[in-house]
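Here is a friendly walk through a helical model, written for someone who likes cut-offs stated plainly. Please have a look at the sequence and the structure first.

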Amino acid sequence: MTERLRRTRLAPLPDEQWNDDVVRALSVMMPAERARPDLVGNMLATFARHPKLTRAYLTFNMHLLMTTTLSKRIVEIIVLRTAVMRRSDYLWDHHVPLARRAGLTDDDLDAAKRGEMSDSLDSAIVAAVDELHTDGKVADATWDALASDLTEQQLMDLVFTAGGYGALAMAIETFGIQEEDV
């Protein structure tokens with residue numbers, strides 16, 4: 001995609017500073033025994049610096065990821081295209097495995113990256129994400145194309161998913177969150 005910001009502005013919270021507030025904040029997403037600095041990854045370990053914000057954001061994000069009215073496939077198209085639009089390699093890299101589990105093929109991933117999906121609904125989803133990230137709204141023609149296949153709640157979930165993951169990408173890139181050592 002692009003050259004990642006390499007300067008870490010906010011580092012993951014050091015192990016010795018983890019406390020019950022951090023574990024409670026992460027409990028929205030995982031059981032307490034998994035809410036450990038060696039298991040959660042750099043993004044959540046960095047977010048642990050602000051437990052109240054982390055809890056609020058993860059509550060919202062869990063809806064976008066787990067209880068949305070959209071299919072997993074559609075969610076992952078939205079997230080991947082948002083990663084492209086926000087130039088977030090970190091977000092892209094972390095969602096490719098989820099996208100594959102949701103049924104996206106390598107060709108689908110390449111098409112999402114280029115913004116050239118072959119399916120008409122997928123194409124409208126990509127157009128909507130692009131419009132949201134460039135214009136701040138979905139154009140009428142794109143909305144109408146989406147509305148022929150999606151319910152009102154799905155349309156709302158689409159907008160909030162693009163926005164929620166856009167905010168996440170901005171945080172990742174601004175804080176300089178680094179990829180995990182593999």
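This is a predicted model: local features need pLDDT of at least 70, side-chain atom pairs count only at pLDDT 80 or more; totals for chains, interfaces and linings use all residues.

Residues are numbered from 1 along each chain as its sequence is written, and side-chain values use heavy atoms, with hydrogens and water left out.

**The core**

Let us start inside. The largest nonpolar core has 54 residues, and Leu26, Leu146 and Leu158 touch the most other members. Such a core is a set of buried Ala, Val, Leu, Ile, Met, Phe, Trp, Tyr and Cys residues joined through side-chain atoms within 4.5 Å. Buried stands for under 20% relative accessible area, exposed for over 50%, and partly exposed for anything in between (1.4 Å probe, protein chains only). Among the helices that each supply at least two residues of this core are H1 (20–26), H4 (72–85), H7 (120–135) and H9 (152–175). Helices here are DSSP runs (H or I, at least four residues), numbered from the N terminus. In soluble globular proteins, nonpolar side chains tend to be buried together.

What does Leu146 touch, leaving aside its neighbours within four places in sequence? Its contacts (heavy atoms within 4.5 Å) are Leu121, Ala124, Ile125, Ala128, Leu155 and Leu158.

**Helix H6**

Asp108, Leu109, Ala111 and Ala112 are the buried residues to look for in H6. They sit on the same side of H6, because they cover an arc of only 165° around the axis, taken from the directions from the helix axis to the C-beta atoms. H4 and H5 are among what covers these buried residues. Just after H6, Gly115 takes a positive phi of about 80°.

**Salt bridges**

The structure holds seven salt bridges, each being a side-chain nitrogen of Lys or Arg within 4 Å of a carboxyl oxygen of Asp or Glu. Three of them are listed here.

| Pair | N to O distance |
|---|---|
| Asp21 and Arg24 | 2.5 Å |
| Arg73 and Asp108 | 3.6 Å |
| Arg81 and Asp130 | 2.7 Å |

Asp21 and Arg24 both belong to helix H1, three residues apart, which is about one turn of the helix. Asp21 is partly exposed at 42% relative accessibility, and Arg24 is partly exposed at 46%.

The salt bridge between Arg73 and Asp108 links distant parts of the chain, with Arg73 in helix H4 and Asp108 in helix H6, 35 residues apart. Arg73 counts as partly exposed at 25% relative accessibility, whereas Asp108 counts as buried at 17%.

Arg81 pairs with Asp130 in a salt bridge. Asp130 lies in helix H7 and Arg81 in helix H4, so the pair ties together parts that are 49 residues apart in sequence. Asp130 is buried at 18% relative accessibility, and Arg81 is buried at 7%. Salt bridges that share partners also join Arg73, Asp108 and Asp122 into one network.

Val84, in helix H4, is buried, with a relative accessible area of 15%. Its C-alpha is 9.3 Å from that of Asp130, although 46 residues separate Val84 and Asp130 in sequence.

**A surface patch**

Phe60, Met156 and Phe160 make a nonpolar surface patch of about 300 Å². Patch residues have over 30% relative accessible area and no salt bridge, with nonpolar side chains (Val, Leu, Ile, Met, Phe, Trp, Tyr) joined within 5 Å and like charges within 9 Å. Accessible areas come from the Shrake-Rupley method with a 1.4 Å probe, and for residues only the protein chains shown count as cover. Phe160 is found in helix H9 and is partly exposed, with a relative accessible area of 47%.
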